[in-house]
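Let's take a walk through a protein together, going from the overall fold to a few single residues. Keep the picture in view as you read.

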Amino acid sequence: FKNIKYIHTTSEKTPEEWREEIKRILNIDIKEHYGQAEKVSLFHKCNCSNFFHENLDYGVTEIIDGKIISTGFNNRLMLFIRYQPRDTAIINDEGIRCDCGRGLPLSVKEITGRVDDVIFTNDGRMLPPTNFYSMMDRVDGVEMFQMVQNTVDDFEVKIVISDFNKEEEIKENVIKGLTERIGNCKIDLQIVEEIERSKETGKIRCIRTKLKQSA
């Protein structure tokens, strides 16, 4: 690792204790960048700062009441104007200019996370939604899903599938993937034709828990 000076992480927030442990073992600094699959906002940390540069040629981002609101420049076929991905951030109001010389503003002090629900397990873990997005994406035949946690060990899962000839195989793979993550719980798996979208946002809320969210 002697020629590697920095590692960039993304998709999920890197806890400070992880960053410090990686640096202690590998002697490599962890830097984060924030983006979206929709390619609307882009922020990154450089070698000179632990605050986030805003890439102004990529899009314009507003942060209102901690919520990220994005307008992108890169999608000419379907514009995202004041798009709300349900991510949250803390504005950098310290007026610090970066020594790196790039000229991009240090707009954000910290990307704090997502508004989406976190799944609680019966052994005390808290699992972020990204964990389940990536799992479902790897199950061949799953087009869309929605996961509702009724109690700590009772889940209702709806999936839309693309191949009914492989229905049992798809269900088996979904149950296997969920059990590996949340443990042995009751999973009521239903195959449906469609999943209802939110009337407020027009989006599908894929992860929802009825348990009280931890601060």
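Helices (H or I, at least four residues) and strands (E, at least two) are DSSP runs, numbered from the N terminus. By that rule, the protein chain has three helices and 14 strands. Before going further, note that you are looking at a predicted model, where local features need pLDDT of at least 70 and side-chain atom pairs count only at pLDDT 80 or more, while totals for chains, interfaces and linings use all residues. Residues are numbered from 1 along each chain as its sequence is written, and side-chain values use heavy atoms, with hydrogens and water left out.

Let's begin with the whole chain. Its C-alpha trace spans about 55 × 45 × 35 Å along the principal axes. A residue is called buried under 20% relative accessible area, exposed over 50%, and partly exposed in between (1.4 Å probe, protein chains only). Of the 215 residues, 39% count as buried. The accessible surface, computed by the Shrake-Rupley method with a 1.4 Å probe, comes to about 13,600 Å², and 48% of this belongs to carbon and sulfur atoms. A contact means heavy atoms within 4.5 Å. Among contacts between residues at least 6 apart in sequence, 54% join residues at least 24 apart.

Gly 113 gives us a local example. This glycine sits in strand S8, which covers residues 108–114. Leaving aside residues up to four places away in sequence, Gly 113 touches Arg 86, Asp 87 and Thr 88. Thr 88 is 25 residues from Gly 113 in sequence, yet their C-alpha atoms are 5.4 Å apart in space. Gly 113 counts as partly exposed because its relative accessibility is 22%.

Now find Lys 210, in the segment after strand S14 (207–209). With 53% relative accessibility, this lysine counts as exposed. Its contacts, again not counting residues up to four places away in sequence, are with Val 148, Gln 149 and Asn 150. The C-alpha atoms of Lys 210 and Val 152 are 9.3 Å apart, although 58 residues separate the two along the chain.

What about the cysteines? A disulfide is a covalent bond between the sulfur atoms of two cysteines. Here it is taken to be a pair of cysteine sulfur atoms within 2.5 Å, and by this rule the count comes to zero.

Two loop residues have a backbone feature to look for. Asn 27, in the loop between helix H1 (16–26) and strand S2 (29–34), has a phi near 60°, a positive value in a residue other than glycine. Asn 27 is exposed, at 63% relative accessibility. Arg 82 has a positive phi of about 55° and is not a glycine either. Look for Arg 82 in the loop between strand S6 (67–72) and strand S7 (87–91); at 43% relative accessibility, this arginine is partly exposed.
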